[in-house]
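Here's a quick tour to read with the model open beside you. Take a look around first, then work through the notes.

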Amino acid sequence: MSPPTVAHVKWMEVFETGIPELDGWHRRLVDRCNALLVLAATKAAWPQVVASTNDLVSDCIAHFHFEEELMERTAFPRLVAHRAAHRELEARLRGLAAQMQAADGTLPAHAALVSSLGLELIELMIRHDLDYRSHVLYAQGQ
Ligand SMILES: [Fe+2]
Ligand SMILES: [Fe+2]
């Protein structure tokens with residue numbers, strides 16, 4: 001029997017910003033998201049899934065702060081809007097983590113919560129960042 005196919009976030013070249021530290025962050029977040037998706041799909045113990053979600057949420061929040069500093073340093077003109085989008089995403093991520101914490105993992109809807117939001121948020125977060133890629137590269141004189 002072939003192993004079950006697990007939905008995962010596929011890293012695409014279009015995600016590359018050309019800024020090594022930022023790309024490193026994004027790749028780590030994608031890896032962590034994929035590890036979480038595997039845990040949920042292979043029916044790992046629910047507390048482990050919840051702990052992995054909490055780690056991912058903490059990493060995402062740390063990442064947003066890193067980006068905001070980068071945007072400040074390079075005087076990104078749409079910093080205010082980008083920061084607001086981060087706060088919105090942060091609230092959604094915290095809401096997801098809280099929902100999972102309150103659940104027990106016995107319903108298919110609980111695992112579905114992980115896979116749909118995990119995929120959606122990582123993709124959104126990275127695609128959203130393409131807005132300032134050219135700005136940052138220009139500011140760095142590349
Ligand atoms: Fe990002
Ligand atoms: Fe961002």
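You'll find Lys43 in the loop between helix H1 (20–41) and H2. Keep in mind that this is a predicted model.

- Lys43 has a phi near 55 degrees, which is a positive value in a residue other than glycine.
- Ala75 isn't a glycine either, yet its phi is positive, at about 50 degrees.
- Where does Ala75 sit? Look in the loop between helix H2 (46–73) and helix H3 (79–102).
- Is Ala75 buried or exposed? Ala75 is exposed, since it has 9 other C-beta atoms within 10 Å and the cut-off for exposed is 12 or fewer.

**A closer look at H3**

- H3 is built from 24 residues.
- From its first C-alpha to its last, H3 reaches 34 Å, close to the 34 Å you'd expect at 1.5 Å a residue.
- Which residues of H3 are buried? They are His86, Leu93 and Met100.
- Here's a handy bit of background: an α-helix has 3.6 residues a turn, so residues three or four places apart point the same way.

**The whole protein**

- Count the secondary structure and you get five helices and zero strands.
- Reading from the N terminus, the order of elements is α-α-α-α-α.
- If you boxed up the C-alpha atoms along the principal axes, you'd need roughly 50 × 35 × 15 Å.
- The protein has 142 residues, and 24% of them count as buried.
- Now take the contacts between residues at least 6 apart in sequence: 72% of these join residues at least 24 apart.

**How confident is the prediction?**

- Across the protein, the mean pLDDT is 84, and 92% of the residues reach 70 or more.
- Which helix has the highest confidence, and which the lowest? H2 comes out highest, at a mean of 93, while helix H5 (residues 133–139) is lowest, at 74.

Key. Residues are numbered from 1 along each chain as its sequence is written. Chains are lettered from A and ligands numbered from 1 in the order in which they are written. This is a predicted model: local features need pLDDT of at least 70, side-chain atom pairs count only at pLDDT 80 or more; totals for chains, interfaces and linings use all residues. Helices (H or I, at least four residues) and strands (E, at least two) are DSSP runs, numbered from the N terminus. A residue is buried if 20 or more other C-beta atoms lie within 10 Å of its own, exposed if 12 or fewer, and partly exposed in between; C-beta atoms are placed from the backbone. Two residues are in contact if their C-beta atoms, placed from the backbone, lie within 7 Å. The expected span of a helix is 1.5 Å times one less than its number of residues. pLDDT is the predictor's confidence in each residue, from 0 to 100.
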